[in-house]
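Please open the structure in your viewer and keep the selection tool at hand. The stops below are meant to be taken in order.

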Amino acid sequence: MWDPVAYQTYGDLRGRPFHELLARVPVEAPRRVVDVGCGPGTLTATLRERWPGAELEAFDSSSEMVEAARAAGLAAEVVDAREWVPRPDTDVVISNATLQWIPEHRDLLRRWVTALPAGAWSAMQVPGNFDAPSHVLTRQLAASDEWRSRLGPGLLRGAETVSDPVEYAELLADAGCAVDAWETTYVHALEGPDAVLRWITGTALRPIRAALGDDDWEAFRGELGERLAEAYPRRSDGTTWLPFRRVFAVARTP
Ligand SMILES: C[S@@+](CC[C@H](N)C(=O)[O-])C[C@H]1O[C@@H](n2cnc3c(N)ncnc32)[C@H](O)[C@@H]1O
């Protein structure tokens, strides 16, 4: 289950990579633009402003997210990206902060760019922070004697979840595309107490939330919050710096 409201906390900071990704897609009049994993649709809606003449296709595997996207005025559909096939007039495929949830996404990327028409664009962004203290501390707590039996193995993924920019560049170039890949580490200035805990609650902690009852969830969050506060100290002015690495790859089909 996704909670569109929790996810959209820090919407401004989460939106920036989407705009920086799109800035590297210099197509003027695409026929069809697809947002894979559109989430609550807030960012998808900006695609309409960028390409008003394009057919906008948006989908997500979460019915809660699709409901929120529809409430925002988009004709979004519940579709699993693993089942999706680009239509012949698809000139742009975007997936922002989505493919990290799909272990086989490297195969999907290869399949999509092979199926797209000539001169089409594929643009993706994934978080590259699975080895950051926020995620390492969460995995360590989940694997501790106290929590292992309640959470089970394999709930949280490690650095293998996503690739480095060069690996995506290789994969897409091998499929015949011209590639523009890069990474950026944003230093987010988060305000208020337990800022990093709140940041990861709507995303990385979702599998933990889904596995625990309410009391256990509160206990897990409490313990994790203490560890995160040590790893990400809060400044005297109330700000907590959260370095957040993201990986981008834009490809153009031959
Ligand atoms: C972090 S949100 C990003 C949403 C949106 N792209 C944005 O940037 O705001 C990740 C989204 O990926 C969706 N997702 C995860 N696995 C998916 C799959 N197999 N097919 C389609 N969407 C998926 C989730 O439901 C969620 O809405």
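The tour goes from the sheet to its crossovers, then to the cores and the ligand.

Before selecting anything, note that this is a predicted model, in which local features need pLDDT of at least 70 and side-chain atom pairs count only at pLDDT 80 or more, while totals for chains, interfaces and linings use all residues. Residues are numbered from 1 along each chain as its sequence is written.

Begin with the strands, which, like the helices, are DSSP runs numbered from the N terminus (helices are H or I with at least four residues, strands are E with at least two). Seven of them form an open sheet in the order β3-β2-β1-β4-β5-β7-β6, with mixed pairing, where two strands pair if DSSP finds at least two bridges between them. At the edges stand β3 and β6 (178-191), each with a single partner strand, so one side of each is left without a neighbour in the sheet.

Next, select β1 (residues 32-36) and β2, which pair in the parallel sense over five bridges; V34 has E57 in β2 as its bridge partner. Between these strands the chain passes through helix α3 (residues 44-50), and this β-α-β crossover is right-handed, a term meaning that, with the strands pointing away from the viewer, the path from the first strand over the helix to the second runs clockwise.

Stay with β2 (residues 55-60), where five of the six residues are buried, that is, 20 or more other C-beta atoms, placed from the backbone, lie within 10 Å of their own. With helix α4 (residues 63-71) and β3, strand β2 makes a right-handed β-α-β unit, and F59 has E77 in β3 as its bridge partner.

At the other end of the order, select β6 and β7, which pair in the antiparallel sense over 14 bridges; here E191 stands opposite T239 in β7.

Now select A69, V92, A123, L172 and A249, the residues with the most contacts inside the largest nonpolar core, which has 48 residues; such a core is a set of buried Ala, Val, Leu, Ile, Met, Phe, Trp, Tyr and Cys residues joined through C-beta atoms within 7 Å. Strand β7 (residues 239-252) gives the most to this core, with five residues. A second, separate core of 18 residues includes L137, L151, L205 and I208.

Finally, select the ligand: which residues are closest to it? They are G37, G39, S61, S62 and A81, among 19 residues that surround the ligand, each with its C-beta atom, placed from the backbone, within 6 Å of it.

Terms used:
Buried ≥ 20, exposed ≤ 12 C-beta atoms within 10 Å, placed from the backbone.
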